[in-house]
Amino acid sequence: MLRVDDVTVRFGPRTVLDSFDLTVADGDVVALLGPSGSGKSTLLRVIAGLIRPDRGRVWLDDRDVTDLPTHRRNVGMVFQDEQLFPNLNVAENIAFGPRMHGWTKAETAKRVDELLELVGLAGMGCRATSRLSGGEAKRIALARSLAPRPAVLLLDEPLTGLDRDLHDRLAIDVGALLRADGTTALLVTHDHDEAATIASRHVNLVGQ
Amino acid sequence: MNRLPFRLRVTLVVVPAAILLLFYIAPVANLIATVFRADTVSSTLNRPGLGSVIWFTVWQAVLSTVATLAIGSVPAYLLHRYRFRGRRVVLATTLVPFFLPTVVVGAAFLSLLPRSMHNTPWAVIAAHVYLNVAVVVYVVGAMWEVLPTDLTGAARTLGANPWRVARYVVLPIIRPALLSAATMVFLFSLTSFGAAKLLGGARYATLEVEIVRRATGLGDVDGAAMLSLLQLAFLGIVIAISSTLQRRGRIQLVGEARPRHVPTSRPTAICSLLFGVLFAAPLVALVTRSVRLGGRWTLRGWTQLGTTQVRRGISLGVDPIGALRTSLWFAVLAAVGTALLAGVATLAIVALRRWGWLLDAGMALPLGTSAVTIGLGMLITFDVAPIDWRAEWWMLPLGHVLVATPFAVRSMLGAARAIPGDLRAAAATLGASPTRAWWHVDVRALRRPLILAAGIAATVSLGEFGATSVLSRRGNQTVPLAIDALLGRAGDLPRAQGYALAVVLMVVCATTVVMVDLARSNTRSRLG
C-alpha cells in the first residue's frame, strides 16, 4: 500500500504541491489527472525519492520511506521519455534492476525472457536501444521497470508522443498487463481516455 | 552543368595545395630524409642524456594527463550539472588558461611558485594541468550537460546505489568524452614547449625543448631532426590508438537530451568558486610580481621596460618594446595570411565536392606535427639557393600561418558546410551563373568565419614560441622570446620586466579574443 501524507514541495517561491494526500491500495491502479504544472510529475518523483519534499511523509507498506534513498525503496518508474540506458541493449536494460537487486544470472535471464514475452517483444533482447521504434521503446521501458518486482509502479505519462492508433492499443495492453500482474500503480496523464482505460479510479489535481 | 568553371576550380585548389606542399610537406619529408641519409640514428641514440629526455617527456605527460583528468572532472561536473550565482564567471575562468600563450602560463607559474619549486617536474606538471583543465571542463562537461538527470534517476529506481549509478550508467556514457579529453591533454603535454622550457630548466627538458636546444644552441641539426622524427612517431601512435578506442566505444544518447541544471546547495557553489579562485591565482601572482622588486612595491619593471641597458654600457640583449612591435606586426601578417590561405582552402574543399576530403586532410596535417618540428623542417630545407630563405624575416610569420591554418580551416569549413545547397539553386534559377552564384553564396558566407580565422591566427602568432624559437633570427625577436630571455637573466629587474612583459602579452591576447568575439557578433546580427 502506498500512502502520501501532507506532502508539500516548493521550487523557490513557487509551491508545486500543497499538503497533498493520497492512498493507493494494494493491486490498485490510480490515475492522476491534471493540467501541466499541477505537480503530477513532482509527486511521482517525491514517491520515488528523486525529490525531497519540503514537508510531509511517504509510506510504503506501512514503512516510512521519506528519508530512504531511491535505490532502497523498491519503486519502479516509467519515465516520459523512457530513459533506456543507451550503452546497454534491450535485454541488458531489462536485466539492470534484477542485477542491482542481486538476483542470480539464471533468475535474471528467466525474468528477462518472461517480460519480453509479456510486452510482446520476445526475441528482441539483443537489439540496440537506438534501433527501437517509439512504441517498442515504451514497452521496453515498462518491462524494465517491472523486472525487479517493484512494490509500486509509477508511470509518468508513459504513452505520450505516440500516434493515436498506437497510443490506444498500448493503453489497452498496459491496463491488461497491470491488472494481470496485480501491480500497484500510480499513473500520471493528462488524457482522460487513457486514464479510464488503464486505471481503476482517478484523482484530479488542480494547478496551484 | 551548374559547376564552377574548371579554371576557377583549379586555381582554388592549386594555391593552398602548393603552399602546403612547399612549406609543410616538403620540409617534413626533407627532415625525415635527413635522418636516414646521415647515420644520425645510431649516433644520436647512443648519446647520453637522450634516454632521460624521452623518459621524462613520457612520464610527465602521463602524470599531467592523469592529474588534469582528476582535477578537471570536478569543475566539469559541478559547472555543468548545477546552477548557481557566478557559474558563468567560474566557467570562463577555467577556460581562460587554454587561450593564454604557454609562455605566459610558464611565467605565471614562475611568479606563483617559490624558488625551490622552479626547475622541477612538479612545476611543469602543474602548468600543464592549468593549461589543459579547460579541455576536460569543455569536452567532458558537454557530456554532463546532455546527460538527462532522469537517466540516473531511472537507474536509482531500479535499485542502483550512487556508486553503481556512476559505474554502470554514467561512466560508460561519458567514457568516450573522457578518452578524447585524455588524448588531447596527453598530446598537448607530450609536445609541450613553452611551459616546459620556462619551468623545467635544463635538467627537466621535454623532447620539444631538447630539439630546440640541439637545433639552435648546439648546432646539432641532425640530432634535432632525429628527435623530431621520434616525436612524430610518438604522436602517430597515440592518435592511432585513441581513434581505434574511440570508434569502439561510441554511444548515442537517444531521445531528447536537454540540459537539466539542478538548483544547488551552498557547498557546490563554494567548491566551484574555490576552483575559480584557484585558476585566477597564477595570473594575479604574475601581475603582483611585475610590481615587486627586492621586497618593495615599485613600477620599475614597467617604467624601464623600454630600457635595453642594465647599467651604462652593459646591454641586456633584450629589447622588450622592439619585441612587442615585431610581435604585433607578425600577428597582423599571420592573421591576414591565415585568413586568405584558409579561406581559399575552404572554398576549394567545398568546390572539390567528393574529393574535398583530400585537401581537407592535407590542410589538417600540421596539427599532427609539433610547432617545433614545423620550424625545424623549414630551417633545414630552405638553406640552399634558390630557396635559401632561412634567414628571411618572413619565415617567422609564415611558420605562424602554418601552425594556425588547421584551426582556421576547421572553423571556416563548419560555416561553409552549413550553407544550404538550395541557396545556390535559388541563385541559379534567378539567373546567376555558377560563378556568380558561388560568389554571392559561398564567398559571402565566409565573411564572418574569416574574422574568426584571422583572430585565431593572431592569438596563435602572438603566443607562438616553438616554431619561433627555431626560426628566429637576430633582430626579429618576438615577445615570447623576450619574456623567456628576461626571466632567464639574473637579477630582480629583468625578472620584474619579464613578468611585466608577460602581463602585456596576456592583455594583448585577451583583447584580441574579445575584439574577435565582438566583431563576430556584430556581423552576425547583420547577416541574420
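**View 1. Surroundings of Lys138(A) in the predicted model.** Leaving aside residues up to four places away in sequence, Lys138(A) touches Gln80(A), Glu82(A), Pro158(A), Leu159(A), Thr160(A), Leu162(A) and Leu170(A). The structure shown here, as in every view that follows, is a predicted model. Lys138(A) itself belongs to helix 4 of chain A, which runs over residues 134-146. Because its relative accessibility is 8%, and buried means under 20%, Lys138(A) counts as buried. Among the residues that Lys138(A) touches is Thr160(A), and the side chain of Lys138(A) reaches the backbone oxygen of Thr160(A) at 3.0 Å.

**View 2. The interface between chain B and chain A.** In this view, 24 residues of chain B are in contact with 24 residues of chain A, and the area buried between chain B and chain A is about 2100 Å², with carbon and sulfur atoms giving 64% of that area. Of the area that chain B buries against chain A, 33% is supplied by Asp150(B), Thr157(B) and Leu158(B), which is more than any other three residues supply.

View 3. Between chain B and chain A the count is one salt bridge, in which the side chains of Asp150(B) and Arg45(A) meet, with a distance of 2.6 Å from N to O. Across the interface of chain B and chain A there are also five residue pairs in polar contact, where both residues have pLDDT 80 or more. On the side of chain B that touches chain A, helix 7 (149-157) and helix 8 of chain B each supply at least two residues, and helix 7 of chain B gives the most, with seven residues.

**View 4. Helix 16 of chain B, a mostly covered helix.** Helix 16 of chain B spans residues 371-381, and eleven of its eleven residues are buried. The buried residues of helix 16 of chain B include Val372(B), Ile374(B), Leu376(B), Met378(B) and Ile380(B), as well as Gly375(B) and Gly377(B).

Key: Residues are numbered from 1 along each chain as its sequence is written. Chains are lettered from A and ligands numbered from 1 in the order in which they are written. This is a predicted model: local features need pLDDT of at least 70, side-chain atom pairs count only at pLDDT 80 or more; totals for chains, interfaces and linings use all residues. Side-chain values use heavy atoms; hydrogens and water are left out. Contact means heavy atoms within 4.5 Å. Buried area is the accessible area (1.4 Å probe) that two parts lose on being put together, summed over both. A salt bridge is a side-chain nitrogen of Lys or Arg within 4 Å of a carboxyl oxygen of Asp or Glu. A polar contact is a pair of N or O atoms within 3.5 Å; within protein, one must be able to donate a hydrogen and the other to accept it, and residues adjacent in sequence count only if both atoms are side-chain atoms. Helices (H or I, at least four residues) and strands (E, at least two) are DSSP runs, numbered from the N terminus. Buried means under 20% relative accessible area, exposed over 50%, partly exposed in between (1.4 Å probe, protein chains only).
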